[in-house]
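Here is a short report for a reader new to this structure.

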Amino acid sequence: MAKKSKKQQQPGGTPATVALTAAGVEFTVHSYEHDPSHPSYGEEAAEAMGVSPDRVFKTLVADVDGELTVAVVPVAGSLDLKALASAVGGKRAAMADPAAAERSSGYVRGGISPLGQRKRLRTVLDASASAYATVCVSAGRRGLEVELAPEDLAKLTDAVLAPVGRA
């Protein structure tokens, strides 16, 4: 597993790493060899980095009352759609069409980052993130994660913190 600190970040990074660098936020990039046969992108990332799945967060795109919304939840659990709708003042939420999520974010499924998305969407970060000094999220492609403080993640995405994940 290769690590690169902010200062070692090479030019031409992903939109997520470019956004982090531009914001002056401290972060670490973790890269690993993606296995296309692994059943879960998030669990694969946690295993490859040797990090608890509670600290590795997946980025999911949902449709809340007709508006795409990003949910960032631990890979160890799942998204509570009802809680997500409630967190943004909506009535009903469903998982977004994968093609719509890719078009909106500019990333491919399994590599969608909450950072540096093509179109900025409402974002909800699971409240459990605040229990950790750092969390990991996709850096914008499969096999690449960024580790940063959850406060920085919330600030850069204008995220609402709410209990939207379930074990």
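## A histidine and its contact

A polar contact is a pair of N or O atoms within 3.5 Å; within protein, one must be able to donate a hydrogen and the other to accept it. The model shown here is predicted. In it, the side chains of His30 and Glu147 make such a contact, at 2.6 Å.

His30 sits in strand 2, which spans residues 28-31. Is His30 buried or exposed? Its relative accessibility is 3%, so His30 counts as buried. The cut-off for buried is under 20%.

## The annotated span

An unreviewed UniProt entry annotates residues 43-156 as "domain: YbaK/aminoacyl-tRNA synthetase-associated".

Strand 4 covers residues 67-74. Six of its eight residues are buried, so strand 4 is largely enclosed by the rest of the structure.

Which way do strand 3 and strand 4 run? They are antiparallel, and eight bridges join them. Strand 3 covers residues 57-64. Thr59 stands opposite Val72 of strand 4. The two strands form a hairpin with two residues between them. There, Asp65 takes a positive phi near 50°.

Strand 4 also pairs with strand 7, residues 122-126. This pairing is parallel, with four bridges. Ala71 has Val124 of strand 7 as its bridge partner.

Technical notes
Residues numbered from 1 in each chain as written. Predicted model: local features only at pLDDT ≥ 70, side-chain atom pairs only at ≥ 80, totals over all residues. Heavy atoms only, no water. Buried < 20%, exposed > 50% of the residue type's maximum accessible area, 1.4 Å probe, protein only. UniProt positions renumbered as here; feature names shortened; annotations may be inferred. Pairing = 2+ DSSP bridges.
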